[in-house]
Amino acid sequence: MLRKLWVYVLAAGAFSAASGQTWKVPVAMKTLGNGLKVVVSEDHSAPTFGICVSYGIGFRLEPEGRTGFAHLFEHMMFEGTPNAPKGTLDRVIEGGGGNNNGDTRYDFTEYIETAPVSALDPVLWIEADRMKTLDFSPANLENQRKVVEEEVRVNVLNQPYGLFFAIDLPGKAFDTYPNSHNFYGDFKDLDAARIEDVEKFYRQYYLPNNAVLAIVGDVNAADVFAKVEKYFAAIPAGPAPPRAKLEEAPQTAERRAVQTDKLANLPALAVGYRVPARGTHDAVVAAVAGELLHNGQASRLYQALVKESRKANSVDGGLNWPLGNPFEFNGPTLLVSFIVALPATSEDDLISAYDSAIADLARRGPDAAELDRIRAKMRSDWYAELELPIERASALSHAVLFDGNADQVSSVPDEIAAVSAADIQSFAAKYLVKTNRTIIWRVPAPKGAGEK
Amino acid sequence: MKIESFALAVVLCGTASAADKEPALPKDLPPYGAMKPLAAPRVIQRKLANGLTVWLVPESGFPKVAFALKLRGGYTADPKDRPGFADLLAATVTQGTASRSAKQVAEEIASAGGDLSASAGADSILVDASVLSSRANKAVELLADVAGHAAFADQEVAIAKSNLSASLEADEASPAFLGRRALYRALFGNHPYAVISPTQDSITQTTPADLRREYARRFRPDRALLVAAGDFSESAMESTIERAFGSWKAEGEAAPIESGKPAAVISKAVIVVPRPGSVQTAFYLGTLGPTRPAPDYAAARVANAIYGGMFGSRLVNNIREDKGYTYSPGAAILLNHDAGIVLTRADVRNAVTGASFNEIVYELNRMATTAPGTDEVEHAKRYLLGSLAIQLQSRGAVARQLANLWIDSLPPDALASQAEQIAKVTPAEVQAVARKYFPAWRMTVVAVGDEKVIREELAPFGLEFKNAQ
């Protein structure tokens, strides 16, 4: 889902009051005449900046028969414009001492750069240039189709587990196309993409009124607003893009699947629970419950499965894991567990130990010490997501894209602090139940004769 | 079909890659401003009476503190018959102390907002944590407890051993792990730099008594550095550290650390790591490179950026942006105390294994045999100088970089002086260093994937093959 491998970041959790000091991200906001929203957060601790331009287009909105298109399209945003041919963007950004990447998720596609402040003007120019138009080149599309297929091979087809906890699990847990299709794309769909599709998609979604630009770093807000006005104001707005229909019929029964894996050596389990809609208090409760279960060696599942019952080699997961942090989604998502089992562990044994730990959360909510601990941990993790200018810009742009409110990034720790032990218990009793979950058990395929 | 596609690639490579003349930038593009000098942090250096080196980087504002406790000696200090023992030490050292169970350690560091993680490398072991500044004292207390009073309880050692054993089995399914392991073994032979993980044997043999003995020989204040970077006052942090670490004592003999430059081994045969079912070939090519203090390290960084270290580099432009053979090509200079590694990696679909190898060899040899353009060198220098500034944005990254400098016996101000060294690099120095490190014949070549595909695709090059041990 990323343009490049080497800046791959899986997001983690989030968090206040009980655990000491609070910290507020300073923000200034402006909306241009064409609808482009601009957020600036000054931070003069280093002579650098980070920028993120997020567009309101993600996996959920890609057309049927064109799975993987939003991400393939993201690659085309780096393939040049009539003013700045292919190669120019990297030359300008890297030559300015910076680096860049792109990232497609369910509810946004973002373009991110970080660089010394001396490169601010050229970087803004290059972002504005690709918001105006692209070089719709069939040859470049063919090149990037091949690159994306190699990306799918390196991350899915040639890897043990093949991201089944991120692709197959929502595929089984949800019923509607927007929430359940393979976001990386079937090769037949990627192969079917035409340059006309690229142009149409661009005209439909890549509009200033469907975008948020955030800048964080050693800049002056008024100065940034003036520059953004200069480079972006002439880009025309377009009709508001369509929204996907995201509603899912309620889940009524447990869903199970067993898969074989010809590359993996150890069995693994993925579990996904449906969760309450974002923006509700219950969604924050789900986030905290997810961290109580999965965050670090003190977490309940780590202690239960790795330490006590000794059935698991590793435990990962949380709300909206692994394609975002527990506060960074805008439609149906799952509370996910991904557990690599120790050799010779059976599905029944592992699930039975897992179920005891889950049941325990409903029976025995967190005591004061555990609640204090998870609040401190989530707050610290949330701050960590705001430390690098490029990541703070990303978080600010998503907050504005989803809620129109940049201050949301500062209030997350307070939202977490408002979650009580009783909230956790009633959430667990209502949502962390069999009829609300999907399980995939993935086992190594029998090795052929003579193979290890 | 495979031979044909290979022949085609030979024809293409002359044309596609020769087009490296830089086109003009767009006429409306605004110019860069003047680059500000690197704002390297002020580092306060202290030494406790027990020999512990302490480096403090106070910076107010962002409310966290990153700690790094670095111990000299990684795989280089392991007993000869126990490759990767340092990984066992790292996996168990945080799992309980004389006064805290493993669970209590995990819970207390979480209550400070962090995780206590320990990891081993060739030259060192690192224990680190990033916590809320309001609870930084708790992290110091835990780090000191782990450094001086780790328990290695039977039950915790047993759990760590079965998990390391399973992790090794899981890793053996990963092309990246298999490629690195085969390359390092081929490059370094009997030198401890050949190690990237323990073996099933070294895991099985390890006992709690072994761990306690090695812990005493290696977790010693006179062989340790503690870095703290973030939101704290200098005097308060100093006294917190003194209180927690002051009673830590070295007892008995220190473990010997193997030092000395490894012999340069170049495998003439392509090393094949069979991985049935692979749909890509993972290439790992490497040779011995400069160390951090080496006089040609700065020039080597510039050469590497031009070759494959940037997105706009020659290698990425060639095999990704021009030919679409791979998503994730790249090059890096990896640093160990006594030898660096000049590394190229790319995962390419099976059908272009030969064609990709041809282009990688071409780009390596082009670096070695032709002078880079002046623009290309200036571009790479600006990229690297900017990267140095970007790498100072996070407290954790500052702490880790300082710890690595210390392992290489460099002072904290090497953070700033590396920028001066890069700024001074000339095109002639880049060419000289490229001739030294980049000729394709110097590379040991590892290919992980479908054995039949690799042998058929690479056969036309007339190289020998041998399978990884």
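User: Which residue stands opposite Val54(B) in β2(B)?

Analyst: This is a predicted model, and in it Arg46(B) is the residue that stands opposite Val54(B) in β2(B). Strand β1 of chain B and strand β2, residues 53–58 of chain B, pair in the antiparallel sense over four bridges.

User: What is the order of the strands in the open sheet of chain B?

Analyst: Six strands make up this open sheet of chain B, in the order β1-β2-β6-β3-β5-β4, and their pairing is mixed. The edge strands are β1 (44–47) and β4 (117–120) of chain B, each of which pairs on one side only. Neighbouring strands are turned by 15° against each other on average, if direction is ignored.

User: Is strand β9 of chain A mostly covered or mostly open, and how many of its eight residues are buried?

Analyst: Strand β9 of chain A, residues 312–319, is mostly covered, since six of its eight residues are buried. β9(A) pairs with strand β10 (residues 334–341) of chain A in the antiparallel sense over seven bridges, and Leu319(A) stands opposite Leu335(A) in β10(A).

User: How is chain A divided into domains, and how many residues does each give to the contact?

Analyst: Chain A is divided into domain 1 (17–232) and domain 2 (255–444), and the C-alpha centres of these two domains lie 26 Å apart. The contact takes 46 residues from domain 1 of chain A and 46 residues from domain 2 of chain A. On the domain 1 side, the elements that give two or more residues are β2, β3 (48–55), β5 (109–116), α5 (168–173) and β6 of chain A, and β3(A) gives the most, with six residues. By class, that side has 26 nonpolar, eleven polar and nine charged residues.

User: How many residues of each chain take part in the contact between chain A and chain B?

Analyst: The size of an interface is often given as the accessible area lost when the parts come together. Here the description is by residues, and the contact takes 68 residues from chain B and 72 residues from chain A. Among the elements of chain B that each supply at least two residues to the side touching chain A are α3 (102–111), β5 (124–132) and α13 (374–390). The residues of that side of chain B divide into 31 nonpolar, 23 polar and 14 charged.

User: Which residues have the most contacts inside the largest nonpolar core?

Analyst: In soluble globular proteins, nonpolar side chains tend to be buried together. The largest nonpolar core in this model has 150 residues, and those with the most contacts inside it are Phe67(B), Leu143(B), Val227(B), Val302(B) and Ala303(B). This core draws at least three residues from each of domain 1 (44–245) and domain 2 (261–467) of chain B. Not counting residues up to four places away in sequence, Ala303(B) touches Met367(B), Val430(B), Val433(B), Ala434(B) and Phe438(B). A second, separate core of 149 residues includes Phe164(A), Phe201(A), Leu207(A) and Phe402(A).

User: Why does Ile341(B) count as buried?

Analyst: Ile341(B) counts as buried because 22 other C-beta atoms lie within 10 Å, where 20 or more are required. Ile341(B) has its place in strand β10 of chain B.

Technical notes: Residues are numbered from 1 along each chain as its sequence is written. Chains are lettered from A and ligands numbered from 1 in the order in which they are written. This is a predicted model: local features need pLDDT of at least 70, side-chain atom pairs count only at pLDDT 80 or more; totals for chains, interfaces and linings use all residues. A residue is buried if 20 or more other C-beta atoms lie within 10 Å of its own, exposed if 12 or fewer, and partly exposed in between; C-beta atoms are placed from the backbone. Two strands pair if DSSP finds at least two bridges between them. Two residues are in contact if their C-beta atoms, placed from the backbone, lie within 7 Å. Ala, Val, Leu, Ile, Met, Phe, Trp, Tyr, Cys and Pro count as nonpolar, Asp, Glu, Lys and Arg as charged, and the others, Gly among them, as polar. Axes are lines fitted to C-alpha atoms, for helices over the stretch in contact, and angles run from 0 to 180 degrees between N-to-C directions. Domain bounds come from an automatic or database domain assignment. A nonpolar core is a set of buried Ala, Val, Leu, Ile, Met, Phe, Trp, Tyr and Cys residues joined through C-beta atoms within 7 Å.
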